[in-house]
Amino acid sequence: MLAAVVGEGFIAKGITFENSAGPSKHQAVALRSGSDLSAFYQCSFVGYQDTLYVHSLRQFYRECDIYGTIDFIFGNAAVVFQTSNLYARKPNSNQRNIFTAQGREDLTKTTGISILNCKVAAAADLNSS
């Protein structure tokens with residue numbers, strides 16, 4: 001894992017969080033966020049498997065770029081992605097792309113991953129194969 005955010009009200013603008021471990025290294029978190037009422041604006045999250053760990057609490061992402069291969073947005077937060085770009089990268093030959101994995105275990109919780117007005121596309125490395 002490259003970076004972790006905790007506490008209340010964290011705000012980031014124009015920052016790139018990257019984990020360059022590659023698709024063969026399995027889980028390679030670029031950012032783990034457990035910050036309540038956090039906001040990320042025009043940030044990039046670059047990795048392969050498990051790029052962005054939206055661990056818990058309430059989070060908001062706007063005009064961000066998120067790159068990954070498997071479950072690259074995962075966790076148990078109440079999270080909104082708005083007007084952002086989700087890019088699937090080229091996985092290993094025995095893998096498939098999966099964008100999100102919700103980690104909720106208690107069905108009474110109000111967590112989930114909302115994707116609003118976002119672009120879902122292939123990254124350049126997947127597009128060229």
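This is a predicted model: local features need pLDDT of at least 70, side-chain atom pairs count only at pLDDT 80 or more; totals for chains, interfaces and linings use all residues.
**View 1. Gln 95 sits in the loop between E12 and E13.** With a relative accessibility of 17%, Gln 95 falls under the 20% cut-off and so counts as buried. A polar atom of the Gln 95 side chain lies 2.9 Å from the backbone nitrogen of Asn 92. If you skip the neighbours within four places in sequence, Gln 95 is in contact with Pro 23, Gln 49 and Ile 70.

**View 2. Arg 89 puts its charged end over the ring of Tyr 48.** Arg 89 belongs to the loop between strand E12 (85–88) and strand E13 (98–102). The distance from the charged end of Arg 89 to the centre of the Tyr 48 ring is 4.0 Å. The side chains of these two, Arg 89 and Tyr 48, are also joined by a polar contact of 3.0 Å. Is Arg 89 buried or exposed? Its relative accessibility is 15%, so Arg 89 counts as buried. Not counting residues up to four places away in sequence, Arg 89 touches Val 46, Gly 47, Tyr 48, Tyr 67, Gly 68, Thr 69, Asn 97, Ala 123, Asp 125 and Leu 126.

**View 3. Phe 17 and Phe 45 form a stacked aromatic pair.** Searching the whole structure turns up ten aromatic pairs. In the one shown here, Phe 17 and Phe 45 are 5.3 Å apart, centre to centre, with 5° between the planes. Phe 17 comes from strand E3 (residues 16–18) and Phe 45 from strand E6 (residues 44–46), so the pair ties together parts that are 28 residues apart in sequence. Both of these Phe residues, Phe 17 and Phe 45, are buried.

**View 4. Phe 40 and Tyr 61 make another stacked pair.** Their ring centres are 4.6 Å apart and their planes are at 5°, which is why the Phe 40 and Tyr 61 pair counts as stacked. Phe 40 is part of strand E5 (residues 38–41) and Tyr 61 is part of strand E8 (residues 58–62), so this pair ties together parts 21 residues apart in sequence. Phe 40 is buried, and Tyr 61 is buried too.

View 5. Leaving aside neighbours within four places in sequence, Ser 84 is in contact with Tyr 61, Arg 62, Glu 63, Cys 64, Asn 117, Cys 118 and Lys 119. For a sense of scale, Ser 84 and Asp 106 are 22 residues apart in sequence and 28 Å apart in space, C-alpha to C-alpha.

**View 6. Asp 71 is listed by UniProt under "active site".** That listing comes from an unreviewed entry. Where in the fold is Asp 71? You'll find Asp 71 in strand E10 (residues 70–75). Its relative accessibility is 21%, so Asp 71 counts as partly exposed. Setting aside residues up to four places away in sequence, Asp 71 touches Asp 50, Ile 98, Phe 99, Thr 100 and Ala 101.

Definitions and conventions
Residues are numbered from 1 along each chain as its sequence is written. Side-chain values use heavy atoms; hydrogens and water are left out. UniProt positions are given in the numbering used here, feature names are shortened, and annotations may be inferred rather than shown by experiment. Helices (H or I, at least four residues) and strands (E, at least two) are DSSP runs, numbered from the N terminus. Buried means under 20% relative accessible area, exposed over 50%, partly exposed in between (1.4 Å probe, protein chains only). Contact means heavy atoms within 4.5 Å. Rings of Phe, Tyr and Trp (its six-membered ring) pair if their centres lie within 6.5 Å; planes under 30 degrees apart count as stacked, over 60 as edge-to-face and the rest as tilted. A charge sits over a ring if NZ of Lys or CZ of Arg is within 6 Å of the ring centre and within 35 degrees of the ring normal. A polar contact is a pair of N or O atoms within 3.5 Å; within protein, one must be able to donate a hydrogen and the other to accept it, and residues adjacent in sequence count only if both atoms are side-chain atoms.
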